[in-house]
Amino acid sequence: MARQDKSKQVSDKHRREVNLSPDDLVLIWTPIRKVGRADKLQKNYIGPFKIIRKTSPVNYEVKEVTGRGKKIVHVSRMKLYRTPDLRTNKTWMRIETG
């Protein structure tokens, strides 16, 4: 049993606790490879999806924001969707001195 405990401790170092609530928006990791394009330049996340309910400790039922379909997704394939912040899109104005 001591070896199992040690293996669990090492494995749990790389785990993250995810607590999502209904109505949260998430992106889902779904890598789609295109021929001739570098991996780092491809879109791997699709979404946003809306969380409907928690089906198990590690699975969530999600629905597309447009309402087209439902999926059950493991938490390791999800990350929170962050809405674009308007403060980062600064519009620069020319200030006239006169």
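Leaving aside its neighbours within four places in sequence, which residues is Met78 in contact with? The views below take up this residue and others in a predicted model, for which local features need pLDDT of at least 70, side-chain atom pairs count only at pLDDT 80 or more, and totals for chains, interfaces and linings use all residues. Residues are numbered from 1 along each chain as its sequence is written, and side-chain values use heavy atoms, with hydrogens and water left out.

**View 1. Met78 and its contacts.** Met78 is found in strand β5, residues 78–80, where helices (H or I, at least four residues) and strands (E, at least two) are DSSP runs numbered from the N terminus. Leaving aside neighbours within four places in sequence, Met78 is in contact with Arg16, Leu20, Val26, Leu27, Ile28, Tyr60, Val62 and Val73, contact meaning heavy atoms within 4.5 Å. Met78 counts as buried because its relative accessibility is 4%; buried means under 20% relative accessible area, exposed over 50%, and partly exposed in between, with a 1.4 Å probe and protein chains only. Tyr60 lies 18 residues from Met78 in sequence, and their C-alpha atoms are 9.5 Å apart in space.

**View 2. The largest nonpolar core.** This core has 11 residues in all, namely Val18, Leu20, Val26, Ile28, Phe49, Ile51, Tyr60, Val62, Val73, Val75 and Met78; a nonpolar core is a set of buried Ala, Val, Leu, Ile, Met, Phe, Trp, Tyr and Cys residues joined through side-chain atoms within 4.5 Å. The elements that give two or more residues to this core are β1, β2 and β3 (59–64). In soluble globular proteins, nonpolar side chains tend to be buried together. Val73, one of the core residues, is in contact with Ile28, Val58, Asn59, Tyr60, Val62 and Met78 when its neighbours within four places in sequence are left aside.

**View 3. Phe49 in strand β2.** Phe49 lies in strand β2 and, at 4% relative accessibility, counts as buried. Not counting residues up to four places away in sequence, Phe49 touches Asp24, Leu25, Val26, Ile28, Val62, Lys63, Glu64, Val65 and Lys71. The C-alpha atoms of Phe49 and Met78 are separated by 9.6 Å, and the two residues are 29 apart along the chain.

View 4. The peptide bond that joins Gly47 and Pro48 is cis, with an omega of about 15°, and Pro48 is placed in strand β2, residues 45–54. Most residues other than glycine have a negative phi, and most peptide bonds are trans. Val65, in the loop between β3 and β4 (70–74), is 17 residues from Pro48 in sequence and 6.4 Å from it in space, C-alpha to C-alpha. With neighbours within four places in sequence left aside, Val65 is in contact with Leu25, Pro48, Phe49 and Lys50.

**View 5. Asp23 in the loop between α1 and β1.** Although Asp23 is not a glycine, its phi is positive, at about 80°. The loop that holds Asp23 runs between α1 (2–12) and β1 (25–29), and Asp23 counts as exposed because its relative accessibility is 54%.

View 6. The side chain of Gln42 reaches the backbone oxygen of Arg37 at 3.1 Å, and Gln42 touches Ile32, Arg33, Lys34 and Arg37, not counting residues up to four places away in sequence. Asn44 lies in the loop between β1 and β2 as well, and its side chain makes a polar contact with the side chain of Arg33 at 3.3 Å. A polar contact is a pair of N or O atoms within 3.5 Å; within protein, one must be able to donate a hydrogen and the other to accept it, and residues adjacent in sequence count only if both atoms are side-chain atoms. Leaving aside neighbours within four places in sequence, Asn44 is in contact with Ile28, Trp29, Thr30, Pro31, Ile32 and Arg33.
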